[in-house]
Amino acid sequence: MIAIERTYYPKRNKQLIWLLFGILFYSQLYSQNTVEKLVIRNVESLNTKALEYSPVLLGNQLIFTSTRPTINQPMTRWRDEKEQFSDLYIADKSAYGGFINVRRLPGKASSPVHDGVATVNHQGNELFFTRNNANGKNEDNVINLKIYALQLVNDVWQNLQELPFNDDAYSNCHPYLTTDGQWLYFASNRPGGFGGMDLYVSRNINGVWQKPQNLGHEINSDQNEVFPFLSTSNMLYFASNNEQSRGGLDLFKSKKLDNALHFSPIENLGPEFNSTADDFGYFATANELEGYFSSNRPDGKGEDDLYHWQRSWVQLAPDQLDIIVFDGKTKERVANATITIFDGGIETTDNDIYPIAHLQHLNTQQSQNPYLALEQKQFQTGTKGKISMITTPYKDYTIFIEKEGFLSLKKVITVEELRNQKEWKLELERKAGIPLHINALTIPFREKIPFVRLALYNKTTRQMEQAISDETGQFTFYLDCNCQYELVSKKEQYRPYQKQFSTQYGHCDQLNAINTQLFLVKQEIVEHIASSEHLRFPNFDAYFNQSVQKVGQIIVLDGVQFAENKANLTNATKEELYKVHFLIQNNPNLSIELSAHTDSRGTAKFNHRLSQKRADAMLQFLLHLGVPKEQITAVGYGEDKLLNHCKDGVRCSESEHLQNKRVELTILKVNQLKNGQLLGQR
């Protein structure tokens, strides 16, 4: 970016202004076409045939761990005579990029046992490192590890102190101190972990290191998590041989979220950093553009080697991608097709079945929907069915093409394909069949419900087609002739809704589009009504399981409740009527009578009038929900159809009178659908 000071320019300097503007414009255009370049090199000036690992940069010096031979190293009873113990070393960075003056860290950092894996505070005067337990082997005949601290006094590391959370029974190792000096991350196999070595963190409060806390299941596995490092951008890097490893230890990263114990799901650093051998000991500078790590990959100089990595940006000239959309049948170009292009290649996933414009509403978890992590651009084809875009070299693209009346098309164009082909001619296949236009609405207010999941199951061919409705709750499927269908709609916080369709009738291919409405009721309404103490059937299942193909069949609506001598609809009554609505929607070939009945108390004229008011109130509620008026009639019978002996003048108990106070559905007719009429059509 070229910085231009806010300065007044006279008129005679207009050419200079335009020149600077042009430079700025083209520099920005050019910078948009850059690719990241990662260079990894063996630090040959430091590596030997022995082990060199866990590098830490301190100014212009590099601290690392090595088992290179040293003169006059004392022997101990724990030492394997064939191998050298590890020590901490420091080297100076030369003007030519290598390292010189390699030496052991002066002072108390070296001992007759293993020392290594250091971390230094921001001021460079306090160092934490790992050392063999000086008390020797534990009960299991194992020498565990402990973490110690040193202070720099007169350029010598002194005042050795053991950290308070160490224990002879298990190991604590691989410390990393955050830049503020308050948090120490480390590895440990202490009891209570997830298995193997786990990562822990301890906080320093008023100079006292607190009880360590496990970083949790997002980071730790039943394998080993070791060598932690936290970057300035709060990205935790570590090594693990978990199930995602390519082989041996791999480098992983995870974003630290709101505090020291909350992390995002881990990510493997990929083949650039990870080999089939051990890769560990990651370190990055403050700008995170370069750093170091350790590996025993085959191309090294010895066993574990130090590697330097550096990121840079390579500027590339812009390139152009042309896409032309054709009708697969007529071979004509398709105008007004929507083309969505994602910056990255994604192989086929379960999410591909949904319209790309609605993918963001499928779920909120990025790990379940890979498209949410990619940048996208959207285009509309013109009259020539063509779009053009500037591409970035060395990048794959995932392309979706959508057009009403056509099947959606997905195409992944790889880096290699882009190099060889700049123009892509893609054909769309026309959708065939009878359009089924769906409109999702709420009960009872008939409001539009956006982004409803839809599944259309062809019972005849046993094929499933899925989609998400648009922001107005609408979507169109295409039905084949001579098939039976079941449509299921789902939406979070709503009760699922089912509907049946059939095209097994004559002249199917001559039918026009079908318009149907899906009515969804909020789950909270269902739960609220179902909690009523008067409700005898707490769900819709009793109605879904009814067999209602027999003329004369009576279904008693046991959940209906009216106040004494009133016709107002209670919540319990509305719940029953919701069930009736679902029943009629799923059986559009039925003609039904809705009847209200009273007991014999009161005059026959009053009871007849009251029951008719109740029947009419229920009918109006059902019509408001969308029940076709030709399918249902409402009748108030009063006390004309008593179910027991409780007539006028007969003394009966309240429960006996209650048997007569009822609402019933009676199947009047099972209609034969005419040729060309679709089951479920509204």
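A charge is taken to sit over a ring when NZ of Lys or CZ of Arg is within 6 Å of the ring centre and within 35 degrees of the ring normal. By that rule R190 lies over the face of Y200, 5.5 Å from the ring centre, and K641 lies over the face of Y637, here at 4.1 Å. The model is a predicted one, so to speak of local features a pLDDT of at least 70 is needed, side-chain atom pairs count only at pLDDT 80 or more, and totals for chains, interfaces and linings use all residues. Residues are numbered from 1 along each chain as its sequence is written, and side-chain values use heavy atoms, with hydrogens and water left out.

Next come the rings themselves. Searching the whole structure turns up 21 aromatic pairs; rings of Phe, Tyr and Trp (its six-membered ring) pair if their centres lie within 6.5 Å, and planes under 30 degrees apart count as stacked, over 60 as edge-to-face and the rest as tilted. One of these pairs, F128 with W209, is edge-to-face, at 5.8 Å centre to centre and with 90° between the planes. F128 belongs to strand β7 (residues 126-132) and W209 to strand β13 (residues 208-209), so the pair ties together parts that are 81 residues apart in sequence. Helices (H or I, at least four residues) and strands (E, at least two) are DSSP runs, numbered from the N terminus. Both F128 and W209 are buried, where buried means under 20% relative accessible area, exposed over 50%, and partly exposed in between (1.4 Å probe, protein chains only).

F186 and Y200 make a stacked pair, because their ring centres are 6.1 Å apart and their planes are at 20°. This pair also links distant parts of the chain, with F186 in strand β11 (residues 183-188) and Y200 in strand β12 (residues 198-205), 14 residues apart. F186 is buried at 0% relative accessibility, and Y200 is buried too, at 3%. Elsewhere, ring pairs join Y176, F229, Y237, F273, Y282, F283, F293, Y307 and W309 into a cluster.

Y282 turns up again in the largest nonpolar core, which has 44 residues; L46, L215, I219, L236 and Y282 touch the most other members. A core here is a set of buried Ala, Val, Leu, Ile, Met, Phe, Trp, Tyr and Cys residues joined through side-chain atoms within 4.5 Å. Strand β16 (residues 235-240) gives the most to this core, five residues in all. Neighbours within four places in sequence aside, Y282 is in contact (heavy atoms within 4.5 Å) with F229, Y237, L251, L269, F273, Y292, F293 and W309. A second, separate core of 29 residues has A596, A615, L625 and I667 among its members.

Two of those, A615 and L625, are also listed among the buried residues of helix α6, along with N607, L610 and R614. Helix α6 (residues 604-625) has 22 residues and reaches 32 Å from first C-alpha to last, close to the 32 Å expected at 1.5 Å a residue; the expected span is 1.5 Å times one less than the number of residues. Just after α6, G626 takes a positive phi of about 110°.

F451 has a phi near 55° and is found in the loop between β29 (434-443) and β30 (453-458); at 16% relative accessibility, F451 counts as buried. Q493 has a phi near 75° and lies in the loop between β33 (484-490) and β34 (497-502). Q493 is exposed, with a relative accessible area of 63%.
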